[in-house]
Each structure stands twice: as structure tokens, then as C-alpha cells.
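Open the model in a viewer and keep the selection tool at hand. The stops below go from one selection to the next.

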Amino acid sequence: MRKQNAILILIAAVLSVVLAVSCGGAKTEDSATAAAPVEKIVWKSSGHGPASDPSQIYHDMVCAAITEASGGRLEVQPFVGGSIVPAYKELDAIHENVLQMGYTCPMYNLDKWSAAGLISSRPGALPGEVLRSWFDFGGGADLMNKMMEGYNVMTFPGALSPLPAEVFFHSKKKLDTMADIKGLKARCMGDGGEILKRLGAATVIIPGGEVYEAMQRGTIDAFEYSTLASNWNMHFNEVAEYVYLSPIRAPSDPQVFYVNKDAWNKLPADLKAIVQNVISNYTQLQHEYLIAESIKAVESFKKAGNKVVKVPKVIEDAVAAEADKFYTEKSKSEKPIFGEIYESMKAYGIAYDAMQ
């Protein structure tokens, strides 16, 4: 009898719970929270280079790491440069929210801001590790955002990967004097390209993924692209006999992560922190990786039969002198932000040298 009563009591308790739920009975706060769906945010992000470019590889790693660190709440879908929009037009796509994030070189946006060339592969710029310090702690990121005011794009400290000095030129022709620079058909981007043009080179703008073929066809005689490590992976040893090294044209090869302002502002604080922390970590890792790989690449180019040589001092001196003239002129004629960035970087470089 006691057993039957116990069973009846248990059945009654179960029925009361079922009735309460079916009649819209109140749920506890914990159960309501557990049932609430987690909002998933999807971003599209593009690099600027071909799939074999280490910068593109690191871009893709960043996208995967953000997705994983966020537990899938923020899924960042990676795209190769040129697959969503034409190469070097990533910032336009971010501005229009076609992309929510991108990784590209500041100098590819000289059509919008002449000061972008200052924070890029430019003659007389800060060495890589000093450039990153200026960007993160010396007000560089803030100045870049000031430069981009009115454009729906922003960046933040940690977003710049400085990279080692670029190769001065991969060249089919031997470069001994300034006479060899005059008339040289060369792919050379940014302010460095403008300065070499003033020195007589016939510089052109060609996307990185098209450089190999341009050399094969004879469209160009020489080119700059990136670091020794990146250029070895691009098989540039096959199209140019000479590898000319010097930090004078581009003492660093910085690339920067940018985000769409509206998309960024919609992120909760914890996802913003994840994005910034992941990007800061990977941009530094890319810098260190490319230094190590560039050291190895010197020997790789030599074993492949390339002549790896230093740029003659007469050419270095001419580039340095012309760069001084170029930036003095531009500081007087451009918008105030140009002078602000130029003087800020210059002062940071002087302070850095003083502590050495």
C-alpha cells in the first residue's frame, strides 16, 4: 500500500510539471538563458596577395584563429587577394562593407591619402621593429585613423606587421651606377616608385601576382615585391639573375589589418578584445617568422644560381638624397596630416637613435 501511494505521488508530481510547461508555466532564469540562441556574426576578410605569399598565409591563419578563439561566435571567412575585389582595392571594399576586414599595404591607397606612403615601404622610414613600436605606442595608429577620417575604415595598435626590409630589386640587369637606373623598366610601388622615377627609372604598378609573368614576357626588367622569404616562395629566382639588397628604399615592408567601422562598433567588447589580441599576436609572429626565413632564403637564392649582392653605395646615396627632397617638398604642399605623420615618425626615429 505504501509503495502504491509513493508511485501515485511520483506520477502526480510529473503530471504537474508537464501541465505547468504546457500551460506556459514560468521558466527559471537559468533555463531561459540556456535556451537563448547565441548570435553568430560572419565577417569576410581579404588579403592582398596570392595564396603562396606568406602575408596571405598569415592573414588566413588570423581568420581561423579569431573564429576558433571566439568559439564560432565571430566567423571570419578568408579570401585571397583579388578574389572578392581587384587586388589593392581592399580598403574600398571594407569602406563599402563588402568586406569587414582586410590585410594590405598602406601604400596601395595613395590614390586616397598621400600620407599613406609614409607608413609604408618608403625610403628613409623607420626600421621594422621601430615602426611597429611607433604605430602601437607612439601614436601611429591614431594618426593613421586621423588620416582616414570620413572613410568607414579604421585600424588599431597591434594591427601593423612591420616585416623585414624589402629586397631592393630582383633584376635581369646588373646595376652598378645611376646610369643603370635610368630607363630601367621596374615594378616599384608607393613613394619608392615615385622617387626612383625622379631618378630616371621607368616605374610601373603591377599586382604582385602578375610580377612573375611580367618578367617572363619582358614587360619589366626589374621589380621589388617583399622580403627575401616571401620572394623565394614566389619562385622569383627563376625570372631574375640578380638579387639586390639594401634597406634604403624600404627599410620595412609593413602591412596593416583594417576593419569596417560599423561592423567593428557592433561587436561586443569581448569579441573586440579577441580580434585585437589575435591580430597583435599574429602580426608579430609573421615579422619574426619572415626574419628567420629571409636568413635562410639568402642561401636558397645563391644555391639556385642567383647573384645576391649589395646595392652600390652610389645608388643608395642618390636614393637617400632624392627622398629627402621628395618629402621636404610634400610636407609643404600636402594636407597637414602629411606633415604630422612625417614629423612624428622622424621624431620617434631620432629618439630611438639617441638611446642606442
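Select Ser226 and Asp253: their side chains are joined by a polar contact of 2.8 Å. A polar contact is a pair of N or O atoms within 3.5 Å; within protein, one must be able to donate a hydrogen and the other to accept it, and residues adjacent in sequence count only if both atoms are side-chain atoms. This is a predicted model, in which local features need pLDDT of at least 70 and side-chain atom pairs count only at pLDDT 80 or more, while totals for chains, interfaces and linings use all residues. Residues are numbered from 1 along each chain as its sequence is written, and side-chain values use heavy atoms, with hydrogens and water left out.

Ser226 is in the loop between β9 (222-223) and α10; helices (H or I, at least four residues) and strands (E, at least two) are DSSP runs, numbered from the N terminus. Is Ser226 buried or exposed? Ser226 counts as buried, at 3% relative accessibility. Buried means under 20% relative accessible area, exposed over 50%, and partly exposed in between (1.4 Å probe, protein chains only). Not counting residues up to four places away in sequence, Ser226 touches Leu163, Glu166, Val167, Asn231 and Asp253, where contact means heavy atoms within 4.5 Å.

Next, select helix α3, residues 54-69. Its buried residues include Tyr58, His59, Val62 and Ile66. The elements that the buried residues of α3 pack against include β1 (41-46), β2 (74-79) and α12 (269-303). At the N-terminal end, Asp53 caps α3, with a side-chain oxygen 2.8 Å from the backbone nitrogen of Ser55. Just after α3, look for Gly71, which takes a positive phi of about 65°.

Now move to Tyr327 and show the rings around it. Phe326 and Tyr327 form an edge-to-face aromatic pair, 5.0 Å centre to centre with 85° between the planes. Rings of Phe, Tyr and Trp (its six-membered ring) pair if their centres lie within 6.5 Å; planes under 30 degrees apart count as stacked, over 60 as edge-to-face and the rest as tilted. Tyr327 also pairs with Tyr342, this time stacked, at 5.8 Å centre to centre and 20° between the planes. Tyr327 lies in helix α13 and Tyr342 in helix α14 (residues 336-354), so the pair ties together parts that are 15 residues apart in sequence. Both Tyr327 and Tyr342 are buried.

Which residue forms a salt bridge with Glu322? The partner is Arg198, with the closest N and O atoms 2.9 Å apart. A salt bridge is a side-chain nitrogen of Lys or Arg within 4 Å of a carboxyl oxygen of Asp or Glu. Arg198 is in helix α8 (residues 190-198) and Glu322 in helix α13, so the pair ties together parts that are 124 residues apart in sequence. Glu322 is buried, with a relative accessible area of 12%, whereas Arg198 is partly exposed, at 36%.

For the last stop, select Lys89, Asp92, Asp111 and Lys112, which are linked in a network of salt bridges. Lys89 is partly exposed, with a relative accessible area of 35%, and Asp111 counts as exposed, at 53%.

Key. Expected span 1.5 Å × (residues − 1).
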